[in-house]
Amino acid sequence: MRKLKLLAICLVAMTFMTSCASERLYYWGKAASDGAFKYDEAAYNYYDKQSPQAICELIVTYEEMVSNPGGSRKMPPPGICAEYGYLLLTPDIDQIFASTATPRQRKAMTRTDFYQYGLELMQKEIEYYPESAQFIKPLIDRAKKRQT
Amino acid sequence: MKKTSLYSIIGLMAIIFSSCATNKFTRGNQYPKMYEEKPITLLVMPPINNTNHVDAKELLFTSITRPLAEAGYYIIPPFLTMEVLRAESAYDSELFIEGKLDKFRQFFGADAVVFSIIDVWEKQGFGIKTKIHYIIKSAKTNEIIYDRSCDLYLDLSVNSGSNGIIGALADLTASAINTVLTDHIKAARMANQYIFKDIPRGTYSPSYLQDMDVAADKKDISKTVK
């Protein structure tokens, strides 16, 4: 009986504690021990180092986030498809990736037609987040014009 | 004995409840204008850097999106924002923080604009100190709808608990190495978490417009974390 009472109290406490915690809305890559996520590190390194290696790591991180969306919303976080797409539209980005990426990074990529994939991702951003259209649509039009 | 364990359980429950319980500050009474304006789309401007660390501006910029997106807002992609602002020679937020923000509404579709000011970004002793102030202004009315700062010291000292001079020297060495190897951004990310912890939840959060009574901390916070 005493054990049952203790168990009931523990259950109430656990329920209360879980109601205080909140589930993440999105998946940001694997979490590190210091609370940062893979996206945080990849974005930071891209700005900090500006190296071909940092670009490849950021591309692969974006790819993981858009191809395995998680969290409670089960879709990529706001802005990620657009950022990833825009990065893939950068001139010579496919060559940088081809010459620098590690075998693991190459394997992680589902597409090699970076330009077309980039445009599709930017379009996806508008599908997932219609409020982004005002800003993203002109960027898509500009990228298409640049190509022709 | 039986009474003692009951008291311990009641004590434990009291601690758990008090950590989550409401106090005089709530999201509703601290940030009422967020509930009036109901912004959906936020534009994060490049930080205003009042320190001598020139790289602080871009590095902090990489860390602002996640806590705000997790709070339920649509964040205009910061890398794209940066490119566009640079191309338009509008990269310095100092030029806009006091001005009219309607052009950001027209061009980016932003409901509100997020400004950040870095006042401290340095290693102090065996730790890192950052002081960051965030101001969110309505792109419709120019009014401040969220305003919060965090003065955070990330304590990186190592205390192994070993006695004697050799133990103390080993701890000093480990603390120094720990401080050298840790980037400022770790302290800044923690400050961001504290600053946006109490922001009223946005449209993509299940708590949208239902969190006015959730307990909040005071607006300006000072923390030392290990």
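Predicted model: local features only at pLDDT ≥ 70, side-chain atom pairs only at ≥ 80, totals over all residues.
The crossing of the two helices is left-handed. On the H4(A) side, the contact is made by Cys81(A), Ala82(A), Tyr84(A), Gly85(A), Tyr86(A) and Leu88(A). H7(A) contributes residues including Phe114(A), Tyr115(A), Gly118(A), Met122(A), Lys124(A), Glu125(A) and Tyr128(A). Twelve residues of this contact are nonpolar, two are polar and two are charged.

A second pair in chain A packs at another angle. Helix H3 (residues 52-67) and helix H5 (residues 93-100) of chain A meet at about 100°, and their axes lie 9 Å apart. H3(A) is therefore roughly perpendicular to H5(A). Pro52(A), Gln53(A), Ile55(A), Cys56(A) and Ile59(A) of H3(A) make the contact with Ile96(A), Phe97(A) and Thr100(A) of H5(A). These residues divide into six nonpolar and two polar, with no charged residue.

The two chains also touch. In this contact, 28 residues of chain B meet 29 residues of chain A. Several elements of chain B each supply at least two residues to its side: helices H1 (2-20), H4 (56-61), H5 (65-70), H6 (78-87) and H9 (184-197), and strand E3 (74-75). The side of chain B that touches chain A holds 16 nonpolar, seven polar and five charged residues.

Key: Residues numbered from 1 in each chain as written. Chains lettered and ligands numbered in written order. Left-handed = near helix turned anticlockwise from the far one by under 90°. Helix = DSSP H or I, 4+ residues; strand = E, 2+ residues; numbered from the N terminus. Contact = placed C-beta atoms within 7 Å. Nonpolar A, V, L, I, M, F, W, Y, C, P; charged D, E, K, R; others polar. Axes fitted to C-alpha atoms, helices over the stretch in contact; angles between N-to-C directions. Parallel < 35°, antiparallel > 145°, perpendicular 65-115°, else oblique.
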